[in-house]
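Hi,

Here is the structure I promised to pass on to you. Have a look at it first, and then read on for my notes.

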Amino acid sequence: MARLPDLALPENPQLVANLVHFARALRKAGLPIGPGRVLDATRAVAAAGFTEKRDFYWTLHACFVSRPEHRETFAQVFRLFWRDPRYLEHMMSLLLPSLQGVQEERAAEAAEKRAAEALIDGAEPPPAPPQQEEETEVEIDASGTASGVEALRTLDFEQMSAAELARARAMLSRLALPVAPLGSRRSQAAVRGRRPDWPRTLRAAARRGGEVERFARRRPRTRWPDLVALCDISGSMSVYSRVMLHFLHTVASQQGAGWARVHAFTFGTRLTNVTRHLRGRDVDVALAAAGAEAQDWQGGTRIGGCLRAFNRDWARRVLGPGATVVLITDGLDRDDPALLAAEMERLHLSARRLIWVNPLLRWDGFAPRAAGIRAMLPHVDCLRAGHSLATLEDLAGALSSARDAGEKPRLLAAMRAAEG
Amino acid sequence: MQDITSIDAVERMLAAQGYVADRALATITFLALRLGRPLFLEGAAGVGKTEIAKVLATGLGRRLIRLQCYEGLDAASAVCEWNFAAQMIAIRAAEAAGTTDPEHLRHELFSDAFLISRPLLEAMRPQPGGPPVLLIDELDRTDEPFEAFLLEALSDFQVTVPEIGTIRAEAPPIVVLTSNRTREVHDALKRRCLYHWVDYPAFEREMAILAARAPEASEQLSREVVAFVQRLRGEDLFKKPGVAETIDWARCLLALDVIALSPEVISDTLGAILKYQDDIQRIEGATAKRLLDEVRRELGAA
């Protein structure tokens, strides 16, 4: 088969115009579609012909869809766009209640609604309700004396006033997590490397008329690991989880500061991926978006079930080679401890390092008595407190050292002693 | 050469090789062949992503060139490598002969004679029977730098070797990329391909696949096997069994001379369909029996 001649664009200008409109509708529905893909689609339709609707569907599907989660949106937009214009009008009337004054009609499915929204130009979605953030006093000059800062460092987040919390957040956003690079399988040229670099040696030799003056060498390149954070947002954790999300935003937005990728999940009664929201530059907007996405703020906790959901749906996708997992929870679980232990074990097997941050460690007499904590403790590499700025700084240290086990040995010994 | 002028023809060609494709996959395969675009297949393990490249190669009478991806895959193992030992000998020989003209030597050393070509370069070169089928398998196993490197190869069908220059394919190879989606492949690469998500097949199609791949199995056994595996996919499992597992399992049962499923047989051969200890524990025993009873009832009613 020789290189195929460029296929002429279809004669029918109406079809091309419709395809362009269709692509715009898809773009509005959230599919990343550039003009190049529209051009591809017209060529593909010309090649596949216009015989059957089914084929037409799969032809456009091949050109416009590039992620499994886009399939449903595509199906809905396709159905609305290529079938019945009157239905579209109907959807419009649903979406513009102010013009029609009728709202009851029938409830549209989520994807259908999104598809219809995308098809109607200029129909703005209703504005989001204003954010109910607590009054935060922004102190621009950090006038706190050294001892004031020191006191703030060790103060429990739960005992801070709103103003102190705001200052703590400002300090938090300057806190960095040092990362230890991992060895990679790739290599790079180096003066003192251990492996010989034959291509470079030979190229140099060829330039000098075949004389090998010295061997060029290579050494293994390093790469940065991924960080995955699982943050408990149930009622017992509310203050800490807000601060931790703030902390995670800091880590996620420090581009090029170490971590290759930062994924963040929240869980209470169900698991929510908030990675995308944490990419927003403004921390308050990012946290508000993450909060809106997670529906179960301050509800109960089902750690076992949520970890199961993570293991099944996300672990294979986000726990690439060498990812470190930070699990932020108090471990007070209502699920079956056996399930929790099994899921913790699986998580531990698939993560390079599993670090548990537990604010309950702030109590001096803390002992692992709750069933959830006893189930989780044996399966973590490291256990750390995370209730104050000082302990978060310690956490930073724990992340960069591979051997640090934090409070785990002490508590595990206490647990064994209580059992024995 | 096979006839690939319509979607039906592609469907027939795949079927003749024992690959039962649904209409969506046939359409996208036809488009990939017709438009000369790479085919990007994503889906769970064992749903027949790799198989389609093999089938295309046999069906069209082309050579299959496979590039298996792994972490740290680099240009030396994907495009080409120089034969250093031979180059060193050539240098010594040139010294002995007294020819030390650097320009001549360089020309000599970096010629085709010392070049070991790897899959990508091989795919750009003319092959007997026409442009080859290039299978880039499990792309998600490699890292992002390699993906970026692939962009040139896949959009312009050319590779660059620093010492020689750019090598361009006279006729573009048929490229099939597969991914198990253990991580998201970059959009820049996907944009250059035709994308398809390969799903688990429905009952009828899986029956057809089993009939094509394990024809020795009786109708009765096939129905039970397929219905059981389909039920199993509805269970809460860490790794759902793919089509490859269905075929494997049917062959295992044939080797054991099993005529119909029983809870004991299922427990003994569960390792052929479930590959995680947690999953096996969950299904073994009572659950397997319950599923089998459901399957029997359903098949009996049908």
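Before the strands come up, a word on terms: helices (H or I, at least four residues) and strands (E, at least two) are DSSP runs, numbered from the N terminus. Two strands pair if DSSP finds at least two bridges between them. The model is a predicted one, in which local features need pLDDT of at least 70, side-chain atom pairs count only at pLDDT 80 or more, and totals for chains, interfaces and linings use all residues. Residues are numbered from 1 along each chain as its sequence is written, while chains are lettered from A and ligands numbered from 1 in the order in which they are written.

**A sheet in chain A**

Three strands of chain A form an open sheet in the order β1-β3-β2, with antiparallel pairing. Because β1 and β2 of chain A stand at the edges with a single partner strand each, one side of each is left without a neighbour in the sheet. In general, strands of a sheet pair through backbone hydrogen bonds, either parallel or antiparallel.

Strand β1 (residues 182-190) of chain A and strand β3 (residues 217-223) of chain A run antiparallel and are joined by six bridges. Along this pair, Ser187(A) faces Pro220(A) of β3(A), and Leu182(A) stands opposite Arg223(A).

**Confidence**

Chain B has a mean pLDDT of 89, with 98% of its residues at 70 or more. For chain A the mean is 75, and 76% of its residues reach 70 or more. Among the elements of chain A, strand β7 (residues 324-328) has the highest mean pLDDT (90) and helix α6 (residues 97-100) the lowest (36).

Two stretches of chain A stay under 50. Over residues 1-9 of chain A, pLDDT is under 50 and the model has 14 contacts beyond four places in sequence; a contact here means that the C-beta atoms of two residues, placed from the backbone, lie within 7 Å. Residues 121-146 of chain A are also under 50, with 17 such contacts. For the model as a whole, the scores are ipTM 0.72 and pTM 0.74.

**Chain B**

Chain B has 15 helices and nine strands. Its radius of gyration (taken over C-alpha atoms) is 24 Å, well over the 19 Å that the globule rule gives for 302 residues, so chain B is more spread out than a compact globule. That rule is 2.2 Å times the number of residues to the power 0.38. Along the principal axes, the C-alpha atoms of chain B fill a box of roughly 85 × 45 × 35 Å.

Of the 302 residues in chain B, 40% are buried. A residue is buried if 20 or more other C-beta atoms lie within 10 Å of its own, exposed if 12 or fewer, and partly exposed in between, with C-beta atoms placed from the backbone. Among contacts in chain B with a separation of 6 or more, 76% are between residues 24 or more positions apart.

**Cores**

A nonpolar core is a set of buried Ala, Val, Leu, Ile, Met, Phe, Trp, Tyr and Cys residues joined through C-beta atoms within 7 Å. The largest one has 103 residues, and those that touch the most other members are Leu39(B), Leu120(B), Val176(B), Leu177(B), Leu194(B) and Phe228(B). Its largest share, seven residues, comes from α2(B). A second, separate core has 62 residues, including Met237(A) and Leu399(A).

**Two positive phi values**

Phe157(B), in the loop between α8 (144-156) and β6 (158-161) of chain B, has a phi near 55 degrees. Phe157(B) is buried, with 22 other C-beta atoms within 10 Å. Asp257(B) has a phi near 60 degrees, but is exposed, with 6 other C-beta atoms within 10 Å.

**Where the chains meet**

The contact takes 41 residues from chain B and 40 residues from chain A. On the side of chain B that touches chain A, α2(B) gives the largest share, eight residues.

Best wishes

Terms used
pLDDT is the predictor's confidence in each residue, from 0 to 100.
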